[in-house]
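Subject: Structure for you to look at

Hello,

Here is the structure I said I would pass on. Please open it alongside these notes.

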Amino acid sequence: MKRVIFGAVSVWALASAAVAHSGATGVVKERMDRFEASKDSAKVLRGAVKSADFAAIEAEAVALNAWASEMLEYFPEGSGGSPSEALDTVWSDWDGFSAKAGDYEMATAKLVSAAQSQDAAATASAFKAVMGSCKGCHDDYKAD
Amino acid sequence: MVWDVWVRVGHWLVVALIGFQFFSGGDLDLIDWHAWTGIALLTWVAFRVLWGFVGTRHARFSDFVGSPAQIKSSFRKLTQRQHESVAGHTHAGGLGVIALLGLVALLAMTGLFATDDIIFDGPLSHWVDSDVAGTVTSVHHLLSKLLILTIVGHVVAIAWHQGVMKEPLIQGMLHGRKAGGQEAFGQAVLVRGLLVVGVCALTIVGGLLAVGRF
């Protein structure tokens, strides 16, 4: 039975692969790639925070901070809808969305300075705040 | 005895593990634990499916899986508070077992491919496109809601049996004894279960450690 279920899930997953985000183009594709890169940064950061590798933390935090400061430019009016996972609330509540982007920029900036100060406790809590700002924005502006 | 030790310990272990899953799923600090608990649950489902064929009498699917007509009649008896003289699961209860097993299996399997789009990727998510992982994750979330509903249904049914129909099912799932269960389980059941658990754990945990990314 398990094999049947697994087979069904695989077939369905492959089928949806053909129609899902693979069709993203232009600015939607660009921002998806940037978010994907941010996830990779987050993973590097988690390891670096654990091992207190402040140089690596700073490098990734700088990258995230750069993305945070440019992010809004990647959400022009009318770039929602499938295959994007951005909810319409991004544009209907642009002020709220911009505020979240600002929070993200501040949180990543704090992580940069915490890494520069080589303070392990401050770095760990700043990293947590960055992750929290990702989640906080996803909850309101990204499709589940 | 009606319920052997594997059925009983398994049942309450799963209660604890699933309880943990519901609050660890959305927690960035607990997400790695969530993944490993999911793998443990997948191992348990695999065990329970095999045990449904090679386990003790009332643990076997053949003992409680009914036809649609049998299930319907079993539900009718339940609403009319008619006791069914079966030692193991009724056919209505059997449907619940299959639904719960199936949902936990699907949840554990979709979880392997899921992503939280922040920091977590399931150990097999590198096998699929990131957009597929996103879709699988949505399904994972949907299934979790279905599981809650099914668990609520299960608990309500047990409360009905226990409170209204005065059948001590909860005690039965604790000590294993129920009316009509004359069998005694020996060491062989313990050993056979251990063997099946070992095979499942080795295959699933070993396989995932070999091909998965943690």
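This is a predicted model. I start with the overall form of chain B. Chain B has 214 residues, and a compact globule of that length would have a radius of gyration near 17 Å. Chain B comes out at 19 Å, which agrees. Along the principal axes, its C-alpha atoms fill a box of roughly 50 × 40 × 30 Å.

Chain B has 8 helices and 0 strands. In sequence order the pattern reads α-α-α-α-α-α-α-α. Of the 214 residues in chain B, 43% count as buried. Take the contacts in chain B between residues at least 6 apart in sequence: 70% of them join residues at least 24 apart.

Now to chain A, and one helix pair there. Helix 2 of chain A covers residues 26–50, and helix 3 of chain A covers residues 54–70. They pack at an angle of about 155 degrees, with their axes 9 Å apart. Angles over 145 degrees count as roughly antiparallel, so helix 2 and helix 3 of chain A are roughly antiparallel to each other. Their crossing is left-handed.

Which residues make the contact? From helix 2 of chain A come Arg31(A), Arg34(A), Phe35(A), Ser38(A), Ser41(A), Val44(A), Leu45(A), Ala48(A) and Val49(A). Helix 3 of chain A supplies Ala56(A), Ile57(A), Glu60(A), Ala61(A), Leu64(A), Ala66(A), Trp67(A) and Glu70(A). By class, this contact has 11 nonpolar, 2 polar and 4 charged residues.

Best wishes

Terms used: Residues numbered from 1 in each chain as written. Chains lettered and ligands numbered in written order. Predicted model: local features only at pLDDT ≥ 70, side-chain atom pairs only at ≥ 80, totals over all residues. Heavy atoms only, no water. Axes fitted to C-alpha atoms, helices over the stretch in contact; angles between N-to-C directions. Helix = DSSP H or I, 4+ residues; strand = E, 2+ residues; numbered from the N terminus. Parallel < 35°, antiparallel > 145°, perpendicular 65-115°, else oblique. Left-handed = near helix turned anticlockwise from the far one by under 90°. Contact = heavy atoms within 4.5 Å. Nonpolar A, V, L, I, M, F, W, Y, C, P; charged D, E, K, R; others polar. Rg over C-alpha atoms; globule rule 2.2 N^0.38 Å. Buried < 20%, exposed > 50% of the residue type's maximum accessible area, 1.4 Å probe, protein only.
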